[in-house]
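Take a look at the fold shown here.

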Amino acid sequence: MTIDRGILALLEAKPGKGEELAAFLEQGRALAAAEEGTVTWYAFKVSDTTYGIFDTFENEDGRQAHLSGAIPAALASVGPDLLARDPDIRPVDVVAVK
């Protein structure tokens with residue numbers, strides 16, 4: 001298996017909404033597990049208001065399926081309530097994997 005691409009999404013919660021955003025991300029794990037093309041999916045916390053998601057894929061089809069799947073749709077539905085700004089979503093190339 002060659003993992004050579006990913007997505008990095010940085011999310012900034014509105015003041016007082018960090019715990020709600022964390023709970024939302026915890027629920028996202030089940031959605032990611034159901035995606036055949038998503039190899040790994042991580043949700044992480046940087047600070048009380050800054051969170052993120054990092055996922056990896058073997059091919060572009062998997063990445064595109066994820067970008068048009070259930071997690072981005074769910075994030076779009078809660079974003080206006082939880083997020084201080086639009087998510088910063090970046091496709092990335094994976095340079096090395098252990």
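The paragraphs below start with the whole chain and then turn to single residues.

This is a predicted model. Its secondary structure comes to three helices and four strands. Read from the N terminus, the order is β-α-β-β-α-α-β. The C-alpha trace spans about 40 × 25 × 20 Å along its principal axes. The radius of gyration is 13 Å, which agrees with the value near 13 Å for a compact globule of 98 residues. Contacts between residues 24 or more positions apart make up 73% of those with a separation of 6 or more.

Now the interior. Of the 98 residues, 36% are buried. The largest nonpolar core holds 15 residues, and Leu11, Leu21, Phe24, Leu25 and Ile53 touch the most other members. At least two residues of this core come from each of β1 (5-12), α1 (18-33), β3 (50-57) and α3 (70-82). What does Phe24 contact beyond its neighbours within four places in sequence? The partners are Ala74, Leu75, Val78 and Leu82.

Next, the outside. Glu19 is found in helix α1. Is Glu19 buried or exposed? Its relative accessible area is 72%, over the 50% cut-off, so Glu19 counts as exposed.

The protein has 9 positive and 16 negative charges, and their mean positions are 5 Å apart.

Methods. Residues numbered from 1 in each chain as written. Predicted model: local features only at pLDDT ≥ 70, side-chain atom pairs only at ≥ 80, totals over all residues. Heavy atoms only, no water. Core = buried A, V, L, I, M, F, W, Y, C linked by side-chain atoms within 4.5 Å. Buried < 20%, exposed > 50% of the residue type's maximum accessible area, 1.4 Å probe, protein only. Contact = heavy atoms within 4.5 Å. Rg over C-alpha atoms; globule rule 2.2 N^0.38 Å. Lys, Arg positive; Asp, Glu negative; His and termini not counted. Charge placed at Lys NZ, Arg CZ, Asp CG, Glu CD.
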